[in-house]
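Here's a quick tour of some helix packing and ring contacts. Have the viewer open while you read.

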Amino acid sequence: YGSKGKDYTFTEEDWSDEKTLLEKKNYYSLSKTRAEKLAWDISKMEGCPFKLCVMNPCLIFGPMLPGQTHLNTSCMVILRFVTGDVKEIKRECMNIVDVRDVARAHVLAALQPEDWKGWGNRFLLVANETSPMTRDIVDILRSSPRLSDEQKSQLATQESEEIPLPVMGVIPPYQTKFDLKKSLSPNSEGGLGLEKYIGTEEMVNGSVKSLLENGFDAMHHYTLTQ
């Protein structure tokens with residue numbers, strides 16, 4: 001949680017620190033951390049009727065469901081750029097993954113036999129071994145064929161001179177690095193067998209396409225649907 005140096009590489013051995021989450025009042029992340037730890041405790045109890053592995057995705061981009069009526073938080077992140085609500089580009093990276101890869105990972109794990117070596121493991125789901133900077137996301141939006149010239153004119157052009165406070169990943173303005181061998185390696189080796197992730201450009205454009213098709217073109221949609 002913002003405490004690692006620029007050369008640190010995250011693996012499945014890393015957990016959010018509960019004390020820090022409480023201090024930051026990040027109860028959303030705290031609840032996820034505690035829920036996963038409880039699930040692991042239950043899975044290790046004598047007579048537990050299930051085998052467990054856990055998918056650990058980061059911020060999820062990509063297409064929404066057709067006709068989706070609720071503007072979810074991760075797509076709202078993209079919409080804030082398009083509507084011009086973001087006035088300056090933060091000097092930080094974005095740890096992202098496509099929703100289709102997250103779904104595929106769950107299905108691949110669920111279909112594994114009881115003797116699969118992956119049971120009992122955690123799996124990082126992140127699209128990039130080195131996360132893109134926020135300015136990279138904005139550049140993709142600026143060149144997106146899905147956006148009109150008027151919408152592109154709303155995109156921030158100035159990168160902030162201030163260094164943001166540490167949140168997730170490494171200390172800004174450095175890029176977060178991940179070891180993704182477990183999720184990419186073959187099932188026979190105890191991996192998920194994803195082989196590769198959908199790229200940043202495809203997932204960002206997928207988000208934009210579904211946002212516009214579902215009629216989410218202003219921030220009031222997010223406020224009204226909460």
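## Helix packing and aromatic contacts

Helix α5 (residues 134–142) packs on helix α8 (residues 200–213) at an angle of about 60°, with 10 Å between their axes. This is a predicted model, so local features need pLDDT of at least 70 and side-chain atom pairs count only at pLDDT 80 or more, while totals for chains, interfaces and linings use all residues. Residues are numbered from 1 along each chain as its sequence is written, and side-chain values use heavy atoms, leaving out hydrogens and water.

Some bookkeeping on the helices: helices (H or I, at least four residues) and strands (E, at least two) are DSSP runs, numbered from the N terminus. Axes are lines fitted to C-alpha atoms, for helices over the stretch in contact, and angles run from 0 to 180 degrees between N-to-C directions.

| Pair | Angle | Axis distance |
|---|---|---|
| α5 and α8 | about 60° | 10 Å |

Which residues of α3 and α8 make the contact? On the α3 side they are C75, I78 and L79, and on the α8 side V204, S207, V208 and L211 (contact means heavy atoms within 4.5 Å). For the other pair, I137, I140 and L141 of α5 meet T200, E201, V204, N205 and V208 of α8.

Now the rings. The whole structure holds four aromatic pairs (Phe, Tyr or Trp rings, the six-membered one for Trp, with centres within 6.5 Å; planes under 30 degrees apart are stacked, over 60 edge-to-face, the rest tilted). One of them is Y8 with F10: the centres are 5.0 Å apart and the planes at 80°, so this pair is edge-to-face. F10 also pairs with F178, at 5.9 Å and 35°, so that one is tilted. Because F10 lies in strand β1 (residues 9–10) and F178 in strand β6 (residues 177–178), the pair ties together parts 168 residues apart in sequence. Y8, F10 and F178 form one aromatic cluster.

Both F10 and F178 are buried, while Y8 is partly exposed at 29% relative accessibility (buried is under 20% relative accessible area, exposed over 50%, partly exposed in between, with a 1.4 Å probe and protein chains only).
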